[in-house]
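Dear colleague,

I am passing on the structure we spoke about, together with some notes on what was found in it. Please keep the model open beside this message as you read.

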Amino acid sequence: MLPSSVREIFEKENESKKYEVMADILRVLSLTFGKLWLFEIVNEINAFRRTIGISESVNYEECLNATRELANKGLITYEKKIRGTFTSPKGVPDILVGLRNRALASVLVSIDAKLRKYVEIRRKVFGNLK
């Protein structure tokens, strides 16, 4: 069962950039075990979009605003933390984002056409590597 707040996001994604980015965040979190750093979300969304033929990219600020909105709706966790890097011994401030309900991932794959398209492309590409 899809929560009404998630249904609303996917219904409005063609009407607003904000909802489009929110839907994409839920998609990439569904594909990546439910947790990512915000800087990774930006890269994952852009890769996801390119894979399914969407050339428009997103930036950090758009993703930051969308994660705040998703957190306010209670769909994701949003934690300011220090992320380790190879270039900074003290790490860098970032935001760890996670799905509150990881079962949402399997529901999204079953109902979302963009997510199904991506999974099918990935399956074909990795299937050819055997």
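In these notes, two residues are in contact when heavy atoms of theirs lie within 4.5 Å. Please bear in mind throughout that this is a predicted model.

I begin with glutamate 56, which sits in the loop between α3 (38–51) and α4 (60–72). Once its neighbours within four places in sequence are left aside, the residues in contact with glutamate 56 are Lys17 and Arg49. The side chain of glutamate 56 makes a polar contact of 2.7 Å with that of lysine 17, and the two residues also form a salt bridge, with 2.7 Å between the closest N and O atoms. Because lysine 17 belongs to helix α2 while glutamate 56 belongs to the loop between α3 and α4, this pair ties together parts that are 39 residues apart in sequence. Lysine 17 is partly exposed at 25% relative accessibility, and glutamate 56 is likewise partly exposed, with a relative accessible area of 43%. Serine 30, by contrast, is 26 residues from glutamate 56 in sequence and 21 Å from it in space, C-alpha to C-alpha.

The structure as a whole holds 15 salt bridges, and two others deserve a description here. Lysine 73 and glutamate 8 meet through their side chains in a salt bridge of 3.5 Å, N to O. Lysine 73 lies in the loop between α4 and β2 (76–83) and glutamate 8 in helix α1 (residues 4–12), so that the pair ties together parts 65 residues apart in sequence. Lysine 73 is partly exposed, with a relative accessible area of 26%.

Glutamate 13 forms a salt bridge with arginine 27, in which the closest N and O atoms are 2.7 Å apart. Here glutamate 13 is buried, with a relative accessible area of 8%, and arginine 27 counts as buried at 0% relative accessibility. Both residues belong to a network of salt bridges that links Glu13, Glu20, Asp24, Arg27, Arg49, Asp112 and Lys114.

Finally, helix α6 (residues 113–127) has 15 residues and reaches 21 Å from its first C-alpha to its last, which is close to the 21 Å expected at 1.5 Å a residue. Which residues of α6 are buried? They are Leu115, Tyr118 and Val119. Seen down the axis of α6, these buried residues fall within an arc of 100 degrees, and they therefore line one face of the helix. The buried residues of α6 pack against α2 (17–31), α3 and α5 (103–111).

Note on methods: Residues numbered from 1 in each chain as written. Predicted model: local features only at pLDDT ≥ 70, side-chain atom pairs only at ≥ 80, totals over all residues. Heavy atoms only, no water. Helix = DSSP H or I, 4+ residues; strand = E, 2+ residues; numbered from the N terminus. Polar contact = N/O pair within 3.5 Å; in protein donor to acceptor, adjacent residues only side chain to side chain. Expected span 1.5 Å × (residues − 1). Buried < 20%, exposed > 50% of the residue type's maximum accessible area, 1.4 Å probe, protein only. Arc of directions from axis to C-beta. Salt bridge = Lys/Arg side-chain N within 4 Å of Asp/Glu carboxyl O.
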